[in-house]
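This report is for a reader meeting the structure for the first time. Please look over the sequence and the model before reading on.

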Amino acid sequence: MSKEMKVFTREEVAKHNKEDDLWIIVDAKVYDVTKFKGLHPGGASVFLPEDIAGQDATEAFYGLHRHEVLLKPQYQRLQIGVIQGEKSVIHGGIPGELSKVPYAEPLGLTEGYHSPYYTESHRRFQRAARKFVDEILTPDALAREEDGKRPSISVIEKMAETGILAMTMGPGKHLKGRTLFGGVIKPEEFDRFHELILAQELCRPNCRGYRDGQNSGATIGLPPVIHFGRPELRDRIVEEVLSGKKFLSLAISEAFAGSDVAGLRTTATKTPDGKYWIINGTKKWITNGTFSDYFTVGCKTDKGLTVILVERQDGVETKSIKTSYSTAAGTAYITFENVKVPVENTLGPEGGGVFVILSNFNHERWAMCCGGARNMRFIVEECLKWVNQRKAFGKPLHAQAVIRAKLADMIAKTEAAQHWLENITYQMQHMDYKQQAQLLAGPIALLKMYITRSAQDVARDAVQIFGGRGITKTGMGKHIEHYHRTVPFDAILGGAEDVLGDLGVRQAIKAMPKNAKL
């Protein structure tokens, strides 16, 4: 039960302006900082100026601290009362609540705007997804991003229970019989735009390593099992993974070959009786690899590139790779040494691995586009808040024309990315898996290139707007620092942006009509 707060007038607070009797006001709340002042990271002197001691320090506080600081128990205890006749106007986000900051939400999901894509079902779904992320995901994300441990099993179990793990695979038969967010929508209602919303909401904690550790390996590695696995294999693996009991990674990239899929060196040779594959080779930068139970592996065989599902066993060794983001992602170097796998674990036809891998790339890259567009939007929101509360040269930061110019460019790129993404999503909604593989590889590749390049522009401008805070891991600019440090991942994972740009153009050249002349 919260303690009853005393009521003070501003005149009463003003009397407590000495070093041994020091109060301040922040957002109509009165804090006694007499004992705390010496513990403040900036030293006691920050409380002693005449316009701080015994005065309203709201503007000064929010120029130096994020609101979440006041919500920590050790600082809540410092509050001794409230100001008579006044109410606090600043509050933290309410779980499930959409932001009121302009451009903080996709326009089609913002109150007052309209969309040809989103219905009330989508809006209801977004609120449920956001509430889950705010209440369940974010606390774990902040803790695991910091300590580098894998996402908590309890959170993964809740993701399975609410249907999140299954929904990240997109619409399909794998959703049948599942309860999605407690019945907010029915499995048959779930479409690509629900999936788009979910993919973007899961990114909101802005913990890049944790997000990839959150079964992202299965998001990109399980679809080949769903679409190309034998029924008995598919049914068993899909249920284990989507229930959160087992984990799976896509293992394609090697030290020898990344975007050059045809250059893979991991080999799979059949035993004399033709019943097993013997796999040898290595894989590198494999998301979730350190804790996965299964691996969807690209191998060279006598008939060409083949994709095989490998279960963790003797001969499979995984080692953690330290990258620019948290080890919560489980990024791994994998060694396969004489690993014996039943031929029934072959995904698709022997020698048909190129089609299996390339068709799977579409969904993987699309999912990365969802995250990339959402992360840009999050940074725009952070910057808009900052320029509104930060003062420089005696004026709000947004009074500087150069700052407004940077924001204009950031907002324009964010909105362009989202609307292009929604158009691609609409195409996916009306195409089957094979049509997507044939028609959308180029457009999705170009979209990903655009988003990753735009994101790096946004990151650079955000650092300029936040200044030194934008390169500091804690405090006001912590999200900017994290974003600037980790944003290059999206330009590499799923295919380097230059390679994808080239793919998009080659697909266009290939489709050129022979009679098209100037």
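## Basis of the model

The model is predicted, and local features need pLDDT of at least 70, side-chain atom pairs count only at pLDDT 80 or more, and totals for chains, interfaces and linings use all residues. Residues are numbered from 1 along each chain as its sequence is written, and side-chain values use heavy atoms, with hydrogens and water left out.

## Helices H4 and H5

Helices here are DSSP runs (H or I, at least four residues), numbered from the N terminus. Helix H4 spans residues 120-147 and helix H5 residues 153-161; their axes come within 10 Å and cross at roughly 155 degrees. H4 is therefore roughly antiparallel to H5 (the term covers angles over 145 degrees). Axes are lines fitted to C-alpha atoms over the stretch in contact, and angles run from 0 to 180 degrees between N-to-C directions.

The crossing of H4 and H5 is left-handed, a term for a near helix turned anticlockwise from the far one by less than a right angle. Phe132, Ile136, Leu137 and Asp140 of H4 meet Val155, Lys158 and Met159 of H5, where contact means heavy atoms within 4.5 Å. The contact residues of H4 and H5 comprise five nonpolar, no polar and two charged. In this scheme Ala, Val, Leu, Ile, Met, Phe, Trp, Tyr, Cys and Pro count as nonpolar, Asp, Glu, Lys and Arg as charged, and the others, Gly among them, as polar.

## Helices H15 and H18

Helix H15 (residues 441-466) packs with helix H18 (residues 497-510) at about 145 degrees, their axes being 8 Å apart. The crossing of H15 and H18 is also left-handed. Residues in the contact include Ala445, Met449 and Arg453 of H15, and Leu500, Gly504 and Gln507 of H18. By class, the contact of H15 with H18 has six nonpolar, six polar and four charged residues.

## Nonpolar cores

A nonpolar core is a set of buried Ala, Val, Leu, Ile, Met, Phe, Trp, Tyr and Cys residues joined through side-chain atoms within 4.5 Å; buried means under 20% relative accessible area with a 1.4 Å probe, protein chains only. The largest core has 99 residues, and Leu222 and Ile465 have the most contacts inside it. Helix H12 (residues 353-389) gives the largest share of this core, 15 residues.

Leaving aside residues up to four places away in sequence, Ile465 touches several residues, among them Trp386, Leu397 and Met410.

## Glu481

Glu481 belongs to helix H16 (residues 478-486). Glu481 is buried, with a relative accessible area of 10%. Beyond residues up to four places away in sequence, Glu481 touches Gly470, Ile471, Thr472 and Lys473.

Terms used: Helix = DSSP H or I, 4+ residues; strand = E, 2+ residues; numbered from the N terminus. Parallel < 35°, antiparallel > 145°, perpendicular 65-115°, else oblique. Buried < 20%, exposed > 50% of the residue type's maximum accessible area, 1.4 Å probe, protein only.
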